[in-house]
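The following dialogue shows a student how to read features of a protein model. Please keep the sequence and the structure in view while reading.

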Amino acid sequence: MNEIDWMKKAILQAKVAMKKNEVPIGCVIVRDGKIIARAHNLRESQQIATKHAELIAIERACKKLKTWRLEDCDLYVTLEPCPMCAGAIILSRIRSVTFGAYDPKGGCAGSCTDLFHVKGFNHYPEVHGGILEEECAQLLKDFFRQKRKEKKKNRL
């Protein structure tokens, strides 16, 4: 499988999130050509700020491999990682990060800042952005359009 195939798996996770009324962001972590962890956002249902798809997937991968070092793992996520998730990616030593949509309001792989290239860290993952960008972005647009529609309806 290639990065497009893996991103499609992350998109499936984003769709699960949307069905749960969560912001549709999905993530998979791959090692040796197999998904070892998958996750989607759970911030709204669990009311915990750190329940981002990437953090949940990293925790699951660490548990599965019984190590915090994910040096031979690749992470695929539908939205450019935020500062918290970028930090967790660096700390877990993930080999590469591939994301779909860019996040101009919070992305830390080049949009707002680029934590993956700050001098002084001890790990620098490879980064690939814009993979299936339109499809990933459309999920978010559709979700927030529906939210605005619901909010307007409730005001009336």
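**Reading a protein model**

A: We begin with a salt bridge, in which the side chains of Asp72 and Arg31 meet at 2.9 Å, N to O. The pair joins distant parts of the chain, 41 residues apart: Asp72 is in the loop between α3 and β3, and Arg31 is in strand β1. This is a predicted model, in which local features need pLDDT of at least 70 and side-chain atom pairs count only at pLDDT 80 or more, while totals for chains, interfaces and linings use all residues. Residues are numbered from 1 along each chain as its sequence is written, and side-chain values use heavy atoms, with hydrogens and water left out.

Q: What counts as a salt bridge, and how many salt bridges are there by this rule?

A: Side chains of opposite charge can pair when their charged atoms come close. The rule asks for a side-chain nitrogen of Lys or Arg within 4 Å of a carboxyl oxygen of Asp or Glu. By this rule the count is 4 salt bridges. Helices (H or I, at least four residues) and strands (E, at least two) are DSSP runs, numbered from the N terminus.

Q: Which residue forms a salt bridge with Asp74, and is Asp74 buried or exposed?

A: The general idea is a set of cut-offs: buried means under 20% relative accessible area, exposed over 50%, and partly exposed in between (1.4 Å probe, protein chains only). Asp74 forms a salt bridge with Arg95, and their closest N and O atoms are 2.9 Å apart. This pair also links distant parts of the chain, 21 residues apart, with Asp74 in strand β3 and Arg95 in the loop between α4 and β4. Asp74 is buried because its relative accessible area is 13%, whereas Arg95 counts as partly exposed because its value is 37%.

Q: Which residue forms a salt bridge with Glu150, and how many residues apart are the two in helix α5?

A: An α-helix has 3.6 residues a turn, so residues three or four places apart point the same way. Glu150 pairs with Lys147, with closest N and O atoms 3.8 Å apart. Glu150 and Lys147 are 3 residues apart in helix α5 (residues 133-155), so they are separated by about one helical turn. Glu150 is partly exposed, with a relative accessible area of 33%, and Lys147 is partly exposed, with 25%.

Q: How many residues does helix α3 have, and which of its residues are buried?

A: The expected span of a helix is 1.5 Å times one less than its number of residues. Helix α3 (residues 53-65) has 13 residues and reaches 18 Å from its first C-alpha to its last, close to the 18 Å expected. Its buried residues are Ala53, Glu54, Leu55, Ile56, Ala57, Ile58, Ala61 and Cys62. Their cover includes β1 (26-31), β2 (34-40), β3 (74-79) and α4 (83-91). Just after α3, Lys66 takes a positive phi of about 60 degrees.

Q: What feature does UniProt place at Glu54, and which residues does Glu54 touch?

A: UniProt positions follow the numbering used here, feature names are shortened, and annotations may be inferred rather than shown by experiment. The record, an unreviewed entry, places "active site" at Glu54. Glu54 lies in helix α3 and counts as buried because its relative accessibility is 4%. Contact means heavy atoms within 4.5 Å. Not counting residues up to four places away in sequence, Glu54 touches Cys27, Leu75, Val77, Leu79, Pro81 and Cys85.

Q: Where is Asp32 found, and what is its phi?

A: Asp32 is found in the loop between β1 and β2. Its phi is near 55 degrees, a positive value in a residue other than glycine. Asp32 counts as exposed because its relative accessibility is 64%. Gln47 likewise has a positive phi, near 50 degrees, and its place is in the loop between α2 (43-46) and α3. Gln47 is exposed, with a relative accessible area of 60%.

Q: Where does Phe121 lie, and which residues make the nonpolar surface patch?

A: Phe121 lies in the loop between β4 (96-101) and β5 (126-128). Phe121 counts as partly exposed because its relative accessibility is 36%. Val118, Phe121 and Tyr124 make a nonpolar surface patch of about 240 Å². Patches are made of residues with over 30% relative accessible area and no salt bridge; like charges are joined within 9 Å, and nonpolar side chains (Val, Leu, Ile, Met, Phe, Trp, Tyr) within 5 Å. Accessible areas come from the Shrake-Rupley method with a 1.4 Å probe, and for residues only the protein chains shown count as cover.
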